[in-house]
Structure formats: structure tokens, C-alpha cells
Amino acid sequence: MKLVQGVNSGGAEDATLKVMRSCKDSEREALLKFKQGFLDDYGVLSSWGSEEECCKWRGIQCSKRTGFVIVLDLHGRYEYFTGWVYLSAKVSPSSFELKHLKYFDLSWNNFQWRPIPEFIGSLSRLQYPNLANAHFASTIPRQLGNLTNLLSLDLGFNYNLAVKNLEWLFHLRLLQYLDLSLVDLEKTNWLQQKYKLSFLTELRLIDLSLSCELEGELPKSFKNLIHFKSLDLSMNNLSGQLSDLFWTLAANEKSPLEILKLDAIKFSGSLPDITRFLSLRGISIRNYRLNGSFPKSFGQISTLVYLDFSYNQMTGSFPDQILFPSLKILDLSFNSVALKFSSSQAPFQLDIIRLAYCNLGARFPKWIQSKSNFSELDISSAKISNTIPNWFWDFSPKLQHLNISYNQIHGAIPDLSLNHAQVLDLSQNNISGSIPLYFNNLISLVQEITSLEGLVSLNLSRNNLTGNIIQKIDHTKMLESLDLSRNQLPGEIPTGLASLTLLSVLDLSNNNFLGKIPSSTQL
């Protein structure tokens, strides 16, 4: 490429980069042809063709050095006001002239149960294709085996997709992450061929019971899974003792396992020793038949960030001698576990605390005071029966979700600082007094309401609250659910409720209100 004469070297370099970054005519035409294959009811591709520079189109990223398209990201997504925003395929594209593409994401779109386009196998530089949950069907094309630069392949949650054999997969020697959740592997005998995939470090095979032989007793071939860093075997029909599975996965004394998910499987028994996994960062065994108490060996795991044993039948106490210095998410909800730390300082710093239906004791748990930086706290139905201490209301400014419902808590709600709160549930307690005058000058349900912009759900039902609800409640624009039932609230129902266009649940029953419910399209 010739540089423009008459400029200094810096200007020449800038001019060169400007030329390099401009859209290639051949790729621009390829993208416009690709666009013609979709129904775009939500305007996802509205920027495509609106200007010559295709590198500025939505979902497109070009190389700063060569100008070729290297990223195409058109994944479907959920938008708060619109709902799901996605593309629908009219025809299956037969070719795609983007030979430099490295990242290709069409997940969460609707391909109308068409086959995965075979042309993807010709994108030789591709490293990260994501076609998950895109309503693909038929057989995975063997041409994907030509993509020898693949580092990650996600075809999960296309439940009409099948694999006839795995030979194409064995050529992908650089592949580290593979997700075939809900894909039909029945004809592949994948467990017996698993040793050929030893280059993988992360495997997701959720609900293989729908598609292959993962049922009954633990197969001997599971010993081939010990080198994974991440393993998700949730929602399968495997049975047996949980301890046998753990011993199999921990056969390697230096197990590299970092993430283990065994949700809704059919193993039985109590929690085995997880300290054998020295690199473990996350473990989830939820909605399972896990019983018994925490083992004495349940000790220090300095790497653990995420622990979820919810919806089980665990009993006993959560050991207070444990030290999880990195733990950020703790979910023991819907167990009969007691948390009664001997010190007011619980030995971890948590961001999300979910302890619904656990036994926290009659007195308000003081150890929560040292966890004031959490974004979510659920201690509903936790057998608390005393007065809320003043320190409890000193929330972190990042609090989004608070649920203390279904206890026997006494006291009044003070003025609160809740800048980012979305869900507040204080229902089914013995809280008395007026609804707070101010929520940090953001929300007031008695004399003045301004705006709590993020609040989605507010439940203060089944308490002993008094005081009027005034007109400015319409400033809570995002509110979807409001339940003030079974209190002693007097006065007229504010007409401002009619302006809450997102409100879908409203319960003001069993109060002392006067007048009519204001009319609107949603009330």
C-alpha cells in the first residue's frame, strides 16, 4: 500500500490505519446478503446498510490493523420494556464470505428448526462460535471439524439437534470449552470416546438423560473426566452415592477442577469432603436429595467463591470454624441448616446471602452486621422473632434485593437509603408504625414520594402499618408489583397508581381505604 506523500510519518501512519479500518466492499456485500435471510421485527439490523462503513454497523467489529470483519455478534437478548429481541431466519444461508471472522455469535435467535449452515465449516479462522439456544435442528454438520482454530464451541440448548458421531470433534485439538447441553448424543457412545477429548478443560452436558446413556449407576468411564476445570452434569438420571462420584472426580491428587455443577441429579447421600478439590472456585448441588450435616472435614478452601446447596434436606450447623476468605455467594436456602456463629464476625465477605428456611435463631443474627456490603439478602422464614436492631437498616448503597418475610420480626421501618433497590419484601411480620416518610428522599409512601428508579417489587403485606399513601407514588416508574395488603392503611387510594404503566400486581386488600380504585389500562 502506498502512503500519501507530503505528510509526516505520524500522519502517514494514521492515514494507513484509516484505510485499513474501512469496510471491505466484498464483506459489506456479504453482510447485506446475510441480512436478507432474516426477519428483523425488532430492528436488530436496522443500521446495516444505513451507511457505507460496515465496521460501524451493529454487532460488527473490524480489525484495526487490516480492516477485515473479525467479530459478528447478533445474539438475542432481553430488554426490559420490549422483552426478547431476536432475529428469525427466513432461509438458511448457504455461504458467507467473511474469511477472517474469529468470533461468531447467533445465540438466542430463532432459526425455525433449520440445520446449522454448513458454510460455518469454511470459516477457517473462527475461534469462538456460539449457536446456543437458536432453534437449530437436524444433525451437527461434520464440516465443523475443519475449524482447527476453535477454542470454544457452544451448541447447547438446541434440543432438536443431534450428533451421529464425534469424529469431527477429535480434530479440534485447540478446543477448551464445549457445550452440548440438551443435544442428542445417543448414537455417539460419548463416554467411551471421552479420552479422545482430553484436550478439553470445560465440558457442559446438562440433561444428557434426554439424549444418551447417562442414567443408572456411575459408568466406569467417568474416570476420564478428572482433568476438567469445569464440569456441569446437572439434570441427569445418574444414580448412586454422591461420595462415589466425588472420589471418581478427585482421583487425581492434584485435581484441576474449579467449577462443579450437579443440580437436580439423582445421587443420594450426605455431602462428601470437597476439600480434595484444592482449586475449587464454585460448587452447586441444588434441588437434590443431599442430606445429613456438613462433614467435619468441611474446612478451609481459600479459593471458593460460590457455594449453592439450596433445596436439599441438609441439617445440623454450618461450621463456624470454616474460613472461606474468597466466598462471595452463599445459598443454603430451603434446608434446615442452622447458622449460629460463635463470633459476631462470620468468616467470609459475602455479596449474595440466601438463607431462606434456614434456622438463624430467635435473635436477629448479629454476624450479618459485618456483611453490610451485600447486594442481596434473603433470610425469609428463618425463625427470627425479635426486634430489628437499628444497625440492620444501615444497608450497603448497592443493595438490590431484600427479603425478610415470614418471620416474627417486631419494630418500625426507619427512613432508608436504597439507591439501587429492586425488590423489597418485608411481608408477614409484626412490623408496625407508618410506612417510612422518606426512602433516602427517593421514595415516600406517606407524605412525599419522589423516585426510586430501580424498584420493581415492594411487598409490605401482613404487618401492622399505618399512614396514607399519597399521589406521588407514580414516581416509582419501574414498579411491577405492589402488595400492601392486610395492614391498617387509611385514606383514599392515590390516583397516581394509574400512571404506573408496568404495574401488573396490585394488592391493597384488608386495609381501611376509602373511595374507588383509579381506572387505567392495567388496573
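**Exercises on strands, a helix, a core and salt bridges**

Strand β3 (69-73) and strand β7 (residues 103-105) run parallel and are joined by three bridges. Strands are DSSP runs of E with at least two residues, helices are DSSP runs of H or I with at least four, and both are numbered from the N terminus. Two strands pair if DSSP finds at least two bridges between them.

The model is predicted, so local features need pLDDT of at least 70 and side-chain atom pairs count only at pLDDT 80 or more, while totals for chains, interfaces and linings use all residues. Residues are numbered from 1 along each chain as its sequence is written, and side-chain values use heavy atoms, with hydrogens and water left out.

**Exercise 1. The partners of β3**

Find the bridge partner of V71 in β7, and state in which sense β2 and β3 run.

*Solution.* 
Step 1. V71 has Y103 as its bridge partner in β7.
Step 2. β2 (60-62) is joined to β3 by three bridges, and these two strands run antiparallel. I60 is paired with L72 of β3.
Step 3. β2 and β3 make a hairpin with six residues between them. In its turn, G67 has a positive phi of about 85 degrees.
Step 4. Four of the five residues of β3 are buried, and the strand is thus mostly covered. Buried means under 20% relative accessible area, exposed means over 50%, and partly exposed lies in between (1.4 Å probe, protein chains only).

**Exercise 2. From β18 to β22**

Which strand pairs with β18, and which residue of β22 is the bridge partner of N291?

*Solution.* 
Step 1. β18 (266-270) pairs with β20 (289-292) in the parallel sense over three bridges.
Step 2. S270 has N291 of β20 as its bridge partner.
Step 3. β20 also pairs with strand β22 (residues 313-314), in the parallel sense over two bridges. There, N291 has Q313 as its bridge partner.

**Exercise 3. One face of a helix**

Which residues of α3 are buried, and why do they line one face of the helix?

*Solution.* 
Step 1. In α3 (242-249), the buried residues are L242, L245, F246, T248 and L249.
Step 2. Viewed down the axis of α3, these residues fall within an arc of 160 degrees, so they line one face of the helix. The arc is that of the directions from the helix axis to the C-beta atoms.
Step 3. The buried residues of α3 pack against several strands, including β16 (237-241), β18 and β20. Contact means heavy atoms within 4.5 Å.

**Exercise 4. The largest nonpolar core**

Which residues touch the most other members of the largest nonpolar core?

*Solution.* 
Step 1. A nonpolar core is a set of buried Ala, Val, Leu, Ile, Met, Phe, Trp, Tyr and Cys residues joined through side-chain atoms within 4.5 Å.
Step 2. The largest such core has 133 residues, of which F309, F318 and L332 touch the most other members.
Step 3. α2 (25-35), β2, β3 and α3 each supply at least two residues of this core. The largest share, four residues, comes from α3.

**Exercise 5. Salt bridges**

*Solution.* 
Step 1. A salt bridge is a side-chain nitrogen of Lys or Arg within 4 Å of a carboxyl oxygen of Asp or Glu. The structure holds seven of them.
Step 2. R28 bridges to E52, with the closest N and O atoms 3.5 Å apart. R28 is buried, at 11% relative accessible area, whereas E52 is exposed, at 59%. R28, E29 and E52 are linked in a network of salt bridges.
Step 3. D331 bridges to R354, with the closest N and O atoms 3.6 Å apart. D331 is buried, at 4%, and R354 is partly exposed, at 27%.
Step 4. D351 and K398 meet in a salt bridge of 3.0 Å, N to O.
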